[in-house]
Amino acid sequence: MRLLELDGVDAHYGQLQALFGVGLAVDEGETVAMIGANGAGKTTLLHIIAGALRPSGGTVTFAGSPLAGVRADRRVGMGIALVPEGRRLFPSLTVEENLLVGAHRRRRGTWNLARVFDLLPLLGPLRHRRAAYLSGGEQQAAAIGRALMANPRLLLLDEVSLGLAPVVVKQLYAALPGIAAEGTTLIVVEQDIGQALAVARQVTCLLEGRVSLRGRPGELTHDRITTAYFGM
Amino acid sequence: MTRVDDGAASAVGTPTVDAPSPGAWRIARWTPESRVGALAGVAGLWVLVTLPDWGTSSNMATIVEIMALLAMAQMWNLLAGFAGLVSIGQQAFIGIGAYSLLVLADDHGIDPFVAVWLAGLVAAVLSVPIGVLAFRLRGGYFAIGTWVIAQVVFLMVTNNTALGGGNGRSLLSLGDYDRLTREDYTFYTALVVGAGAVAIVVMILRSRLGLALRAIRDDEAGARGAGVDVYRARLAAWVIAGGWTGLAGGLIYLQRLNVQPTSAFSVQWTAFMIFIVVIGGLGSTTGPIIGTLVFWVLRDQLTGLGEWYLIVLGSIAVVMAVLAPKGICGLLNRIHPFQLFPVQRRLRQRRRVRGEVSAQ
Amino acid sequence: MEWVNAVVQGILLGGVFALFATGLSLAFGIMRLANLAHGTLALLAAFIAYSIVDATGVNPLVALLAVVPIMFVVGYVLERGLLNFTLGSDPLPAILVTFGLAIVIENLLLERYSADARGLDAGSIESASIRVTDDIAIGWFPLMTLAVAVGVLGLLYLLFARTRAGRAFRAISDDRATGRLMGIDDRHYYALAMGIALATVAIAGVFLGIRTTFSPADGNAQLLFGFEAVIIGGLGSLWGTLAGGIVLGVAQTVGAEIEPGWSVLTGHLVFLAVLALRPNGLLGKAAPT
């Protein structure tokens, strides 16, 4: 079933246009990767889906209903959860409290504190620690857990690997199949092309706000990806 | 790759223009509107200067109050609109100015029309410790903090019997002048205070301090990164504003003659300043002028209504703060951008067309 | 011995200030809003209580049962309908609007009730006291005020630490935009926070009205005292508000002991000293930004 559909989406930051007529189609249960260089518009696209930014043109449809005018907090209730770029945990709250806030507007589902700690065991011993005192990798795990607590149908992950050691990134990505197995749809935004291609069934590449490449990982050659990524 | 616009691109059909060379740019400050504004200002001042010859005492008294309010509003605008300092305690300086005038003129025998200027100086000096204390707070709490400090000054004065305690004192040394001369001198002082306030603000904005302040207002961290000493710039604005507000305070009581602490230190002064600036337009040099006129007309129309006058004022200020934060000037600007005083810098290109040199 | 009594009375007076300061501290902590109308709103509550008492003859403490919900609703509507639109990175609009609001409310009260001083009569509890020694008497009502202040702060602490709403408040206080992305309706929670703040202000206002006479123009003084209590105690700390209130109360009563007209001034000077020497306050977590 088609879960998310973007059609001709434009986005502006004031006078600056960041997205030009972007289209995207994601089926339920899929894991989709979005790659591209810095400033290509990947985070902007996720923000449009999550409701943090209003598109200046085009339509966004989720599970058949248009998302125009629906505030970000209500979208969580509809099943869209975001793991923001830079984690953005609430620094004065503990790990456990951050997770509970993720459940503030939860849908019915199987994710709860216990299961999150199962999926991401490194969080267990940290549950009462203030988020401000976590390392980058620990924060990222907590941010993913926080988003899961809402029992999302669509999980948006923005640059999970940013600023983290490769070992940590591997551990985090190891958790994603477990999430996808529940039937959750994933959109993974990444600069680390290797990890993105490893988990995704569909890849879209953005270049300066436009879609430059779309396809399945197996079908795309290294050269085509490089061209689409760097625009050469 | 995005194309770099070097100004050399030309549409089909226009004559070719050379790429800009070093002498091809100049900074223009005057606009057509500001030329008109300057002429109008000079004309207006001329009319006012001659007022004692053809106007009544009551006219002159009105102008004195208007000039004092204009000066106060310009200074509040300098602080809030350009330095990012929202003070609810400017009445401290009004009171300091009034009482300094009293002490210098009556107790130390200085001519009141000289003392009023010294009172402004006293206010400027005292604004330094007040500012240093208040600057430890920011935003809304800074605002309340300045209010508290004003209250402290008020209480210290009220508890001081030499200054007349709670009942205040009268400015007796003005009795040395006959009424007409006194009114004339007060009037001329008022003109200098009012026009001077506008001139000072315009000069500051044209100076490096003005650039620094506007940079701070737009992006404090960025300004700091660019090497601006934020603290000193703010303090400089604070001292200038405090001093001139003190001067305006002295001027008010030069006319009212009787200095009473509850009135001199009343927060209502600041309320008026805020109202004028909000209505006229925050962060613009013409705003306070328009605002003062609007305020005066409103006050005239509403005097019979008692408390309702303040309720109306307050409500208008609230509505405008939400809906039209740039005041009347902002609204006018949206219709047609204008700049009455030559404070903004514009980059203008000199175009060389087929060997001709013309400045635009 | 009068000094000990002065300190004791000061501690009790601190309860009043703490009650006032709580709402101010709440609004600032969650929304970064310095509500300049805070004092006037307390007077509004006192006058609402006055009218209820006037009409029905009940004890003002009973009238509280109505005044608190009324003020809660006033706070919710005020925030949702007006103040939410002034909040942002620039503190100016909020300052202007709350200041204007203070003027409007104060003058509306003057218009309706005149400047005459009124009082709320709570009956015998007002004058009853416990005699500890010859010089020291602890009034039942001031003691009650302090107890209520502590109780309110305790309830708020539990709200913030243990409940879903409390976590939501703390989350949007940390990061409003991300809170929204996690499903928190920040407009609603801001309005709730203001509602709670004004509910505490209602209690503070009514207790003030019982303790002394009041008139519409008193709002500003109360605002300043509440603000001083918050700064002395330190921003970002609920219990700091209590500590700040008590320090201010003691400063005022001891000041009065030195010289009868000096109580308020001494309080102000202590505030300035704290501001000069220890701007973070006694228990503060953050600089007063």
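**View 1. Chain B on its own.** In chain B, 77% of the contacts with a separation of 6 or more are between residues 24 or more positions apart; two residues are in contact if their C-beta atoms, placed from the backbone, lie within 7 Å. This is a predicted model, where local features need pLDDT of at least 70 and side-chain atom pairs count only at pLDDT 80 or more, while totals for chains, interfaces and linings use all residues. Residues are numbered from 1 along each chain as its sequence is written, and chains are lettered from A and ligands numbered from 1 in the order in which they are written. Chain B comes to 15 helices and five strands; helices (H or I, at least four residues) and strands (E, at least two) are DSSP runs, numbered from the N terminus. Of its 360 residues, 41% count as buried, where buried takes 20 or more other C-beta atoms within 10 Å of a residue's own, exposed 12 or fewer, and partly exposed anything in between, with C-beta atoms placed from the backbone.

**View 2. Where chain C meets chain B.** Here 37 residues of chain C are in contact with 34 residues of chain B. On the chain C side, α4 (92-113), α9 (219-233) and α11 (263-277) each supply at least two residues. The largest share, 15 residues, comes from α4(C). Sorted by class, this side of chain C has 28 nonpolar, seven polar and two charged residues; Ala, Val, Leu, Ile, Met, Phe, Trp, Tyr, Cys and Pro count as nonpolar, Asp, Glu, Lys and Arg as charged, and the others, Gly among them, as polar. Of the two pairs of chains in contact, B and C share the most contacts.

**View 3. Two helices across the B–C contact.** Helix α14 (residues 307-323) of chain B packs with α4(C) at an angle of about 155 degrees, their axes 8 Å apart. Axes are lines fitted to C-alpha atoms, for helices over the stretch in contact, and angles run from 0 to 180 degrees between N-to-C directions. The two helices, α14(B) and α4(C), are therefore roughly antiparallel to each other; that label goes to angles over 145 degrees, with under 35 for roughly parallel, 65 to 115 for roughly perpendicular and the rest for oblique. Among the residues making this contact are B:Trp308 and B:Ile311 of α14(B), along with C:Leu96 and C:Val104 of α4(C). By class, the contact has 15 nonpolar, four polar and two charged residues.

**View 4. Chain A and its neighbours.** What about chains A and B? They do not touch, and their nearest C-alpha atoms are 9 Å apart.

**View 5. The four-stranded sheet of chain A.** This open sheet has the order β2-β1-β4-β5 (chain A), with antiparallel pairing; two strands pair if DSSP finds at least two bridges between them. Strands β2 (16-27) and β5 (65-66) of chain A stand at the edges with a single partner strand each, so one side of each is left without a neighbour in the sheet. Strand β4 (residues 57-62) of chain A pairs with β5(A) over two bridges, in the antiparallel sense. A:Thr61 stands opposite A:Pro66 in β5(A).

**View 6. A helix tucked into chain A.** Nine of the nine residues of helix α1 (residues 42-50) of chain A are buried, so it is largely enclosed by the rest of the structure. Those buried residues include A:Lys42, A:His47 and A:Ala50. After α1(A) comes A:Gly51, whose phi is positive, near 100 degrees.

**View 7. The six-stranded sheet of chain A.** The order in this open sheet is β6-β7-β8-β3-β9-β10 (chain A), with mixed pairing. Its edge strands, β6 and β10 (210-215) of chain A, each pair on one side only. Strand β6 (residues 80-83) of chain A is covered on both faces, with A:Ile80 and A:Leu82 buried on one side and A:Ala81 and A:Val83 buried on the other. In a regular strand the side chains alternate between the two faces of the sheet. β6(A) and β7(A) pair in the parallel sense over four bridges, and the bridge partner of A:Leu82 in β7(A) is A:Leu156.

**View 8. A glutamate in a loop.** A:Glu159 is found in the loop between β7 (154-158) and α6 (166-181) of chain A. With 22 C-beta neighbours inside 10 Å, A:Glu159 counts as buried. Its C-alpha atom is separated by 5.4 Å from that of A:Val189, 30 residues apart along the chain.
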